[in-house]
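Subject: Structure handover

Dear colleague,

Please find the structure below, with the sequence alongside. My notes on what was found in it follow.

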Amino acid sequence: MLKQRIITAAILLPIALIGFFLLEGLAFALFIGVVVGLGAWEWARLAGCAGQFARVGYAVIVGLLLAVLYRFPALAPWLLSISVVWWLAATSLVLSYPRSQRHWGGRFGSLVIGLLILLPAWQALVLLKQWQQGNWLIVAVMVLVWAADIGAYVSGKTFGRRKLAPQVSPGKSWEGLIGGLITSLLITFGVGLYQGWSTRELVLAVLGAALVVVISVVGDLTESMFKRSSGIKDSSQLLPGHGGVMDRIDSLTAAVPVFTVLLWLAGWGAW
């Protein structure tokens, strides 16, 4: 398994770097669209669509909606605003699982939830790419999420006692969450000092980073909730040793839209 993980990572890393740093405009939107399309194909299975025809059909619908969003960029603020509301609602669904299942709306409702997860993530990345220092903004949100994951893993393994959401993901603990938060906030604080941010900017950055990290955990738990409900361990086996695409991007689907909205509120970029 470790060998598979290393080989897969060695193949995907240069592809990801090329896609994020060298592609622009439509090419970048298509690159992210392919990732989101694969995620949609996997999500349809989590929503209860076992047949390939239904899963591919759902991915095609997502692709068409991405084309509409690209053609009409004025929809971006509405979509990202809805996304923020959705992730607040998702927090409640995760905390109240399994009772919350009755609010999903069955297979159709689960497919709609997939749209609320995937479309805003694509839209947010496309927007970030267009803003000043877009490449580094994308790197920044990914570093926040990945650092939190690493910190949570180490802290959880070392100190984990109190379960965070035992009905959804028994392996996660409050100690892990705190460790992940501390790791990401230390990085944010260090970057702020290096960049010479004012006290106000530093405080806002740390608070914003904390919110992004917490929401990223909700993104992870949301996918885990649907996998547990459907009895599926991994969203697919597209990435040997890593599971599926959704298993790799679940935290980012929540973090990236919230990160983008926070930057917009701070006056970083325009819709």
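A compact globule of 271 residues would have a radius of gyration near 18 Å, and the protein has 18 Å, so the two agree. Please keep in mind that this is a predicted model. Taken along the principal axes, the C-alpha atoms fill a box of roughly 55 × 50 × 40 Å. Of the 271 residues, 47% count as buried. Among contacts between residues at least 6 apart in sequence, 72% join residues at least 24 apart.

The secondary structure consists of 9 helices and 2 strands. Their order along the sequence is α-α-α-α-α-α-β-β-α-α-α.

One helix pair was examined in detail. Two packed helices are described by the angle between their axes and the distance between the axes. For helix α4 (residues 76–95) and helix α8 (residues 199–230), the angle is about 55° and the axes are 9 Å apart. The crossing of the two helices is left-handed. On the α4 side, the contact is made by W86, W87, A90, T91, L93 and V94. On the α8 side, the residues are I215, V218, G219, L221, T222 and M225. By type, the residues of this contact divide into 9 nonpolar, 3 polar and no charged.

The next point concerns L111, which is in helix α5 (residues 106–130). L111 has a relative accessible area of 17% and is therefore buried, the cut-off being under 20%. Leaving aside residues up to four places away in sequence, L111 touches W43, A44, A47, C49 and Y58. Y58 is 53 residues from L111 in sequence, while their C-alpha atoms are 8.2 Å apart in space.

Two places in the backbone deserve a look when you open the model. Y97 and P98 are joined by a cis peptide bond, with omega about 10°. P98 lies in the loop between α4 and α5. The other place is Q133, a residue other than glycine with a positive phi, near 55°. Q133 lies in the loop between α5 and α6 (134–159). Its relative accessibility is 48%, so Q133 counts as partly exposed.

Regards

Notes. Residues are numbered from 1 along each chain as its sequence is written. This is a predicted model: local features need pLDDT of at least 70, side-chain atom pairs count only at pLDDT 80 or more; totals for chains, interfaces and linings use all residues. Side-chain values use heavy atoms; hydrogens and water are left out. Axes are lines fitted to C-alpha atoms, for helices over the stretch in contact, and angles run from 0 to 180 degrees between N-to-C directions. Helices (H or I, at least four residues) and strands (E, at least two) are DSSP runs, numbered from the N terminus. A crossing is left-handed if the near helix is turned anticlockwise from the far one by less than a right angle, and right-handed if clockwise. Contact means heavy atoms within 4.5 Å. Ala, Val, Leu, Ile, Met, Phe, Trp, Tyr, Cys and Pro count as nonpolar, Asp, Glu, Lys and Arg as charged, and the others, Gly among them, as polar. Buried means under 20% relative accessible area, exposed over 50%, partly exposed in between (1.4 Å probe, protein chains only). The radius of gyration is taken over C-alpha atoms; the globule rule is 2.2 Å times the number of residues to the power 0.38.
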